[in-house]
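Please keep the sequence and the model in view while reading.

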Amino acid sequence: MKKTISMLLVLSMAGMLSGCAGKSTETTAADTTAAESAAAAEETTEAAESTAAETTEADGADGDVLNYEEYMAADLDTEVTIQAYVQAKQAWWEDQATVYAQDQDGAYFIYNAACSQEDYDLLVPGTKIQVTGYKSEWSGEVEIMDGTIQVLEGEDTYVAEALDVTDLLGTDELIDHQNQFVSFTGMTVEAAGQDENGNDVAFLYNWDGSGTEGDDLYFNASYNGETYTFTIESYLCDSSTEVYSAVKNLQIGQTIDMEGFLYWYEGVNPHITSVTVAE
């Protein structure tokens with residue numbers, strides 16, 4: 001009897017232990033499954049966040065950058081972002097820079113954009129930059145104002161060759177090349193005004209002759225019977241440059257070739273960087 005009871009007790013305890021062991025195994029498996037699910041979910045979340053971050057970063061870097069056609073189609077007074085290559089820098093003052101920039105499709109005039117002196121020193125011809133600012137128009141000149149210049153390091157470089165637009169003078173197509181680096185060939189120097197003695201002169205200090213040495217130079221040249229005005233912008237090419245001296249030495253009637261940027265002010269008003277007297 002005692003043996004039977006003892007055997008029953010042993011069997012009962014064994015069953016209880018077996019049940020507990022089974023529960024422990026099931027719990028452990030469930031916990032493992034839950035942990036694996038949580039880890040997988042966390043990994044998926046991290047991957048999604050990483051992808052979102054990469055997408056956001058890409059959008060910020062490239063997604064909003066306009067090509068030249070998109071830039072020209074953008075409304076005036078809207079914020080734009082472009083990437084282009086420095087062709088020349090005109091001035092730096094109080095952490096603001098004025099720059100002529102261009103890519104393979106068109107050109108940009110960037111006026112008074114935020115730029116440190118350190119970055120301004122990096123803006124050598126060919127340097128790729130990103131500019132965010134407002135597309136604006138001033139007396140016919142389309143430009144980017146109130147912007148910020150970012151130097152893009154490690155990028156390719158590009159310096160545009162001068163596009164000969166001589167035959168486009170006087171046509172509606174000329175403005176399509178606004179701000180580009182261009183050339184004019186076979187132009188004839190005309191009188192820009194008169195000196196204090198009433199003699200015709202080939203250039204003026206300032207547009208009305210009111211300036212002095214170091215100010216902008218204005219001179220006229222004709223092609224196919226039409227006369228056009230050209231400027232030596234003193235901030236771009238000051239009185240120490242060869243082109244400044246070359247214009248001061250021009251003679252009425254000479255034939256000249258020129259290079260410069262197709263700036264606009266109440267009509268075409270190129271900023272000239274090179275003048276050569278044809279032989």
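## Basis of the description

The structure is a predicted model, in which local features need pLDDT of at least 70 and side-chain atom pairs count only at pLDDT 80 or more, while totals for chains, interfaces and linings use all residues. Residues are numbered from 1 along each chain as its sequence is written, and side-chain values use heavy atoms, with hydrogens and water left out.

Strand β11 covers residues 217-223; strands are DSSP runs of E with at least two residues, numbered from the N terminus. Seven of the seven residues of β11 are buried, meaning under 20% relative accessible area with a 1.4 Å probe and protein chains only. In a regular strand the side chains alternate between the two faces of the sheet. In β11, L217, F219, A221 and Y223 point one way, and Y218, N220 and S222 point the other way.

Pairing requires that DSSP find at least two bridges between two strands. β11 pairs in the antiparallel sense with β7 over three bridges, and V189 has A221 as its bridge partner. Seven bridges join β11 to the antiparallel strand β12 (residues 226-232), where F230 is the bridge partner of F219. β11 and β12 form a hairpin with two residues between them, and N224 in the turn has a positive phi of about 55°.

## From β7 to β14

Strand β7 (residues 181-190) pairs with strand β13 (residues 255-261) in the antiparallel sense over six bridges, with F181 opposite F261. β13 in turn pairs with strand β14 (residues 271-277), again antiparallel and over six bridges. In that pairing F261 stands opposite H271.

## Two buried residues

S222, in β11, has a relative accessibility of 9% and therefore counts as buried. Apart from neighbours within four places in sequence, S222 is in contact (heavy atoms within 4.5 Å) with G186, M187, T188, E190 and T227. M187 is 35 residues away from S222 in sequence, yet their C-alpha atoms are 5.5 Å apart. The side chains of S222 and E190 are joined by a polar contact of 2.6 Å. A polar contact is a pair of N or O atoms within 3.5 Å; within protein, one must be able to donate a hydrogen and the other to accept it, and residues adjacent in sequence count only if both atoms are side-chain atoms.

T98 lies in strand β2 (residues 96-102) and is buried, at 2% relative accessible area. Leaving out residues up to four places away in sequence, T98 touches K89, Q90, A91, F109, I110, Y111 and N112. A polar atom of the T98 side chain lies 3.3 Å from the backbone nitrogen of N112.

## The largest pocket

A pocket is an open set of points on a 1 Å grid over the protein atoms alone, where a 1.4 Å probe fits, with protein on both sides within 12 Å along at least five of seven lines; lining residues have an atom within 4 Å of a point. The largest pocket has a volume of about 480 Å³, a volume being the space filled by probe spheres set on the points. Of its 20 lining residues, Q90, Y111, E233, Y235 and Y263 are the closest to the centre.

β1 (79-93), β2 and β3 (107-114) each supply at least two lining residues, and β1 gives the largest share, four residues.

Definitions and conventions:
Buried means under 20% relative accessible area, exposed over 50%, partly exposed in between (1.4 Å probe, protein chains only).
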